[in-house]
Amino acid sequence: DGGITQSPKYLFRKEGQNVTLSCEQNLNHDAMYWYRQDPGQGLRLIYYSQIVNDFQKGDIAEGYSVSREKKESFPLTVTSAQKNPTAFYLCATTGQGNGELFFGEGSRLTVL
Amino acid sequence: KQEVTQIPAALSVPEGENLVLNCSFTDSAIYNLQWFRQDPGKGLTSLLLIQSSQREQTSGRLNASLDKSSGRSTLYIAASQPGDSATYLCAVITNAGKSTFGDGTTLTVKP
């Protein structure tokens, strides 16, 4: 099936640890995005990439890092520098043309 | 900086009612506007995409309109059903691919 796969679905982290969230897509889309969602709020953009080996900071990039070594993959690392990492993380893509956003099912990170 | 506001934050209606959800944005220089549905603990499902040159889009019982000059979009849901209960989010997207989301409207449709 074509789509966006995020893993893991649930992740628990101890304070001071780095964790990496996976996002893989087989839609052949160029652009990929990472968002953070807190309870009762909309989505805030963390990082985005419009082409392999290139990415830009979004509105809340501090404490996060990304890489884009392959078109299909855009992993997000939540570092120990992120002071409040407990949140729901969503990955999205857009193809060429009308810019429609497509989302994965999300990963919920909880810091213990 | 683009700001997106959704009103109301929550809405409860009896089954069968027609309803309107509102989305307003501060910068009219958008590429497109997209409406999503989100069920609890899930990702976002795209409902309708309106490109900047369009005025409205329809899909089944859903109709979305866009007025760029006034910075407004509405999502009209006809004959609401309990299965429509979810959070509805709008997002505006720029030419550079940057998106800004509203905080959403949580809809409850009572049987």
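Analyst: Thr79(A) is buried, with a relative accessible area of 17%; buried means under 20%, exposed over 50% and partly exposed in between (1.4 Å probe, protein chains only). Thr79(A) sits in the loop between strand 8 (76–78) and strand 9 (87–94) of chain A, where strands are DSSP runs of E with at least two residues, numbered from the N terminus. This is a predicted model, in which local features need pLDDT of at least 70 and side-chain atom pairs count only at pLDDT 80 or more, while totals for chains, interfaces and linings use all residues. Residues are numbered from 1 along each chain as its sequence is written, chains are lettered from A in the order in which they are written, and side-chain values use heavy atoms, with hydrogens and water left out.

Leaving aside residues up to four places away in sequence, Thr79(A) touches Arg13(A), Gln17(A), Asn18(A), Gly63(A), Tyr64(A) and Ser65(A); contact means heavy atoms within 4.5 Å. With Gly63(A), a polar atom of the Thr79(A) side chain lies 3.0 Å from the backbone oxygen. The C-alpha atoms of Thr79(A) and Val19(A) are separated by 6.6 Å, although these residues are 60 apart along the chain.

Tyr64(A) and Ser65(A), both touched by Thr79(A), bring the account to strand 7 (64–66) of chain A, and the loop between this strand and strand 8 holds Lys71(A). The side chains of Lys71(A) and Asp30(A) meet in a salt bridge (3.3 Å, N to O), defined as a side-chain nitrogen of Lys or Arg within 4 Å of a carboxyl oxygen of Asp or Glu. The pair links distant parts of the chain, 41 residues apart, with Asp30(A) in the loop between strand 3 (19–25) and strand 4 (31–37) of chain A. Both partners are partly exposed: Asp30(A) has a relative accessible area of 27%, and Lys71(A) has 23%. Elsewhere in chain A, a network of salt bridges links Arg36(A), Asp38(A) and Arg44(A).

A further salt bridge joins the two chains, between the side chains of Asp59(A) and Lys98(B) (3.1 Å, N to O). The count between chain B and chain A is one salt bridge, and over all chains it is six. At this interface, 21 residues of chain B are in contact with 23 residues of chain A. Lys98(B) is, together with Leu44(B) and Phe101(B), among the residues of chain B that lose the most area to chain A, these three giving 25% of what that side buries.

How values were computed: Buried area = accessible area lost by both parts, 1.4 Å probe. Helix = DSSP H or I, 4+ residues; strand = E, 2+ residues; numbered from the N terminus. Polar contact = N/O pair within 3.5 Å; in protein donor to acceptor, adjacent residues only side chain to side chain.
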